[in-house]
Amino acid sequence: MAYTGKVTGAESLGRILQQARLLSGLSQRELAQRLGTTQRYIWEIEAGKPSIYTDRLFAMMRETGMELTATIEPKGDRG
């Protein structure tokens, strides 16, 4: 069963990414190793820590009327 959510800002994106990671059975450390980054970086993204990039991205989306949704496909559901 897929899960879909509306992404309205860095915090909601972080929560959705966290849920996707958890459904994949990965710890922050394991995901960081796979991506070649640090566990702290994964934590910051999942916590919705603001950055210039995300602030501008979501401001641009609001100004243009764009809506973003994310869908999580749990491991067992992936084709």
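Select Thr 71 and show its neighbours: leaving aside residues up to four places away in sequence, Thr 71 touches Ala 2, Tyr 3 and Thr 4 (contact means heavy atoms within 4.5 Å). This is a predicted model, where local features need pLDDT of at least 70, side-chain atom pairs count only at pLDDT 80 or more, and totals for chains, interfaces and linings use all residues. Residues are numbered from 1 along each chain as its sequence is written, and side-chain values use heavy atoms, with hydrogens and water left out.

Now display the side chains of Thr 71 and Thr 4: they make a polar contact at 3.2 Å (a pair of N or O atoms within 3.5 Å; within protein, one must be able to donate a hydrogen and the other to accept it, and residues adjacent in sequence count only if both atoms are side-chain atoms).

Next, colour strand β2, residues 68–72, which holds Thr 71. Helices (H or I, at least four residues) and strands (E, at least two) are DSSP runs, numbered from the N terminus. Along the sequence the pattern is β-α-α-α-α-β.

Finally, zoom out. The C-alpha atoms fill a box of roughly 35 × 30 × 15 Å along the principal axes, and buried residues make up 28% of the 79 residues.

Key. Buried < 20%, exposed > 50% of the residue type's maximum accessible area, 1.4 Å probe, protein only.
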